[in-house]
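Here is a short tour for anyone about to work with this model. Have the viewer open, and let's begin with a question.

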Amino acid sequence: MKMKVYVTRRIPEIGLKILREYCEVIYRDELAPPTRKELLDNIKDVDAIYCTLNERIDREVIDSSPRLKVVGTMSVGVDHIDIDYATSKGVYIVYTPGVLTETTADLAFALILSTARRVVETDRIIREGKWKLAWAPTMMLGYEVYGKTLGIIGLGRIGAAVARRAKGFRMKILYYDKIRREDLERELEIEFREIDDLLRESDFISIHVPLTNETRHLIGERELRLMKPTAILVNTSRGPVVDEKALVKALREGWIAGAGLDVFEEEPLPPTSPLIEMPNTVLTPHIGSATYDTRNRMAQYAAEGIIKVLKGEEPENLYNREVVKIRPLTKLID
Ligand code: NAD
């Protein structure tokens, strides 16, 4: 009998093709994620779930799926999955590290530049017919990026890729991470700082930590008050890493100069969010990895990981490696 996989929503064709070669696929061909009930109803007898960051894979889901062997998520972030519980139940989690690194770093840099140089705000001025003076010495001034100090919070794959871009802008680069990366310090000529010092010294701060219990509200009122009034905060990691209420206050009261945000505490961002009315924010709707090439690579990588597990092989993109001890791969294909 073929293994069964539930695909929670529309994914690039390449991912489906890989899954269909080996599995029976229950494909929910919809742009939006399933409702909770739909998800629970469809996973009762599947061997695998192919999901995205919008589906919460928690105890209830895992317990509702007694045959479940593997969850493949089309994301590098796994904060929507109860990893400890999945591991304790012998459920393998595969994800998509690496294949979206450069694309997400590009977006972080796009937010740095567009916030600093007011690209979106001034575009809007033209479209609204408000560009009246051809040029003026003090009109629409922004902040320079070239040669300034960039502080990277979380020097993993994406953080390091942002640092490589910043080198082209001759920036001084500082980083904070829970792990000291002396290899990267040498390679990229960057310096470690404790978080408070990084916040005090940087002109731009770009966040690249995963969302965990430790990083939730890592940047709150206290941290924002340490930043320079001319500094710009960029977040392409996960919304809850920044206390959004405190950020709104900081932007309103001028503790910092601006923010470029791809992720929010609540997504989609509610239309009532004060961030929308602020001229000193650039907002994008969680599009860090949204290029044709990257989404194809993510779809392929997640699908390949699922198939490998179902075949009893250990995939390189296995997140919870300790699961192998709890339910060895050979036990999965009995
Ligand atoms: P990674 O694991 O390579 O890097 C994360 C870094 O954060 C690591 O160096 C780790 O040591 C550090 N870190 C973890 N916890 C920390 C803590 N408490 N304090 C300080 N440092 C800590 O991950 P990555 O591939 O660079 O991705 C980073 C995050 O970016 C993902 O977890 C995901 O949530 C987010 N992301 C968002 C988008 C988007 O669409 N906006 C796209 C891709 C990734």
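Does aspartate 58 count as buried or exposed, and why? In this predicted model, aspartate 58 counts as buried because its relative accessibility is 16%, and the cut-off for buried is under 20%. The points below start with that residue and then move on to a helix and a set of strands.

**Around aspartate 58**
- Aspartate 58 sits in the loop that links strand 3 (48-51) to helix 3 (59-63).
- Its side chain makes a polar contact of 2.7 Å with the side chain of arginine 36.
- The side chains of aspartate 58 and arginine 56 are also joined by a polar contact, at 2.5 Å.
- Leaving aside residues up to four places away in sequence, aspartate 58 touches Arg36 and Asp82.

**Helix 7**
- Helix 7 (residues 157-168) has twelve residues and spans 18 Å from first C-alpha to last, close to the expected 16 Å.
- Its buried residues are Ile158, Gly159, Ala160, Ala161, Val162, Ala163 and Ala166.
- Among the elements covering those buried residues are helix 5 (101-116), strand 6 (149-153) and helix 8 (182-188).

**Strand 11 and its partners**
- In strand 11 (residues 258-261), Gly258 and Gly260 point one way, Ala259 and Leu261 point the other way, and all are buried.
- Strand 11 pairs in the parallel sense with strand 10 (residues 232-235) over four bridges, and leucine 261 is the bridge partner of asparagine 235.
- Strand 10, helix 11 (residues 244-252) and strand 11 form a right-handed β-α-β unit.
- Strand 11 also pairs in the parallel sense with strand 12 (residues 281-283), over three bridges, where glycine 260 stands opposite valine 282.

Technical notes
Residues are numbered from 1 along each chain as its sequence is written. This is a predicted model: local features need pLDDT of at least 70, side-chain atom pairs count only at pLDDT 80 or more; totals for chains, interfaces and linings use all residues. Side-chain values use heavy atoms; hydrogens and water are left out. Helices (H or I, at least four residues) and strands (E, at least two) are DSSP runs, numbered from the N terminus. Buried means under 20% relative accessible area, exposed over 50%, partly exposed in between (1.4 Å probe, protein chains only). A polar contact is a pair of N or O atoms within 3.5 Å; within protein, one must be able to donate a hydrogen and the other to accept it, and residues adjacent in sequence count only if both atoms are side-chain atoms. Contact means heavy atoms within 4.5 Å. The expected span of a helix is 1.5 Å times one less than its number of residues. Two strands pair if DSSP finds at least two bridges between them. A crossover is right-handed if, with the strands pointing away from the viewer, the path from the first strand over the helix to the second runs clockwise.
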